[in-house]
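This report describes selected helices and their packing. Please consult the sequence and the structure shown here.

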Amino acid sequence: MPGGRLNQQERQQIAMGLADGLAYAEIARRLDRPTSTISREVMRNGGPNAYRADLAHRATERRAHRRTQAAPRGPEASPQAHGRDPEAVREFEDVFTDVLVQAGTPKMMARVLSCLYITDSGSLTASELVQRLQVSPASISKAIAFLEGQGLVRRERDERRRERYFVDEDVWYQAIIASVRANALIIETARQGVGVLGRESPAANRLENIARFMDFVSEGITRAAEQARAVLHAKPETPPGDTP
């Protein structure tokens, strides 16, 4: 099975396979590549409906150039923890960033969030983010403000009085609850519109259906988030007779 990076010809074959409606596994079999290689390639470059071989190839070259500029050289390079492959980590960070972008997160915000998530501590300072991402402090500040507003990061001051930004197990719960609160405002406003437009009118009926739908969905999301939080964050019980 061939290794190394996909070349431009292989990307063209991927694009043709997608156009023909082939599954990732079948495209991978034809290229003698792992299925995961194909799925990562497609997802980081627009997804199955927007993948273009030429754009994907140029994007890969840009990412490789950016990593070359950012990578420490010579004795400054430090070994990766837990026996990680540095190249695989960088590849994963790119994939994770692209998936977040496709989910609706702005690119710079997605890069910051991805960078925070792949650190073992789950936290970095502004200067550490600047160094890792090779961007300006202003870009980091803007990204953090956005992510904080979405409930996706939190900030604290460390022992050196530096602001440190965190992602942890509770972040996605808080983000979901913030989304539910935003839905509540839409529901309330839609129901105000029902009174304004006249309850028997088609427009009022449409708004009422929107409110009822979002109310129902928000209730289910909140219940599921509470249940998941209770299960995933539950601490194992200490067996009788054992010392905690």
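Which exposed residues does the face of H2 turned away from its buried side carry? They are Arg29 and Arg30, where exposed means over 50% relative accessible area, buried under 20% and partly exposed in between (1.4 Å probe, protein chains only).

This is a predicted model, in which local features need pLDDT of at least 70, side-chain atom pairs count only at pLDDT 80 or more, and totals for chains, interfaces and linings use all residues. Residues are numbered from 1 along each chain as its sequence is written, and side-chain values use heavy atoms, with hydrogens and water left out. Helices (H or I, at least four residues) and strands (E, at least two) are DSSP runs, numbered from the N terminus.

**Helix H2.** Ile27, Ala28 and Leu31 are buried in H2, which comprises residues 24–31. Seen down the axis of H2, these buried residues fall within an arc of 100 degrees, so they line one face of the helix; the arc is that of the directions from the helix axis to the C-beta atoms. Their cover includes helix H1 (8–19) and helix H3 (35–43).

**Helix H9.** Among the buried residues of H9 are Val171, Tyr173, Asn183 and Val194. The buried residues of H9 pack against helix H6 (107–117), strand E3 (163–166) and helix H10 (202–232), contact meaning heavy atoms within 4.5 Å.
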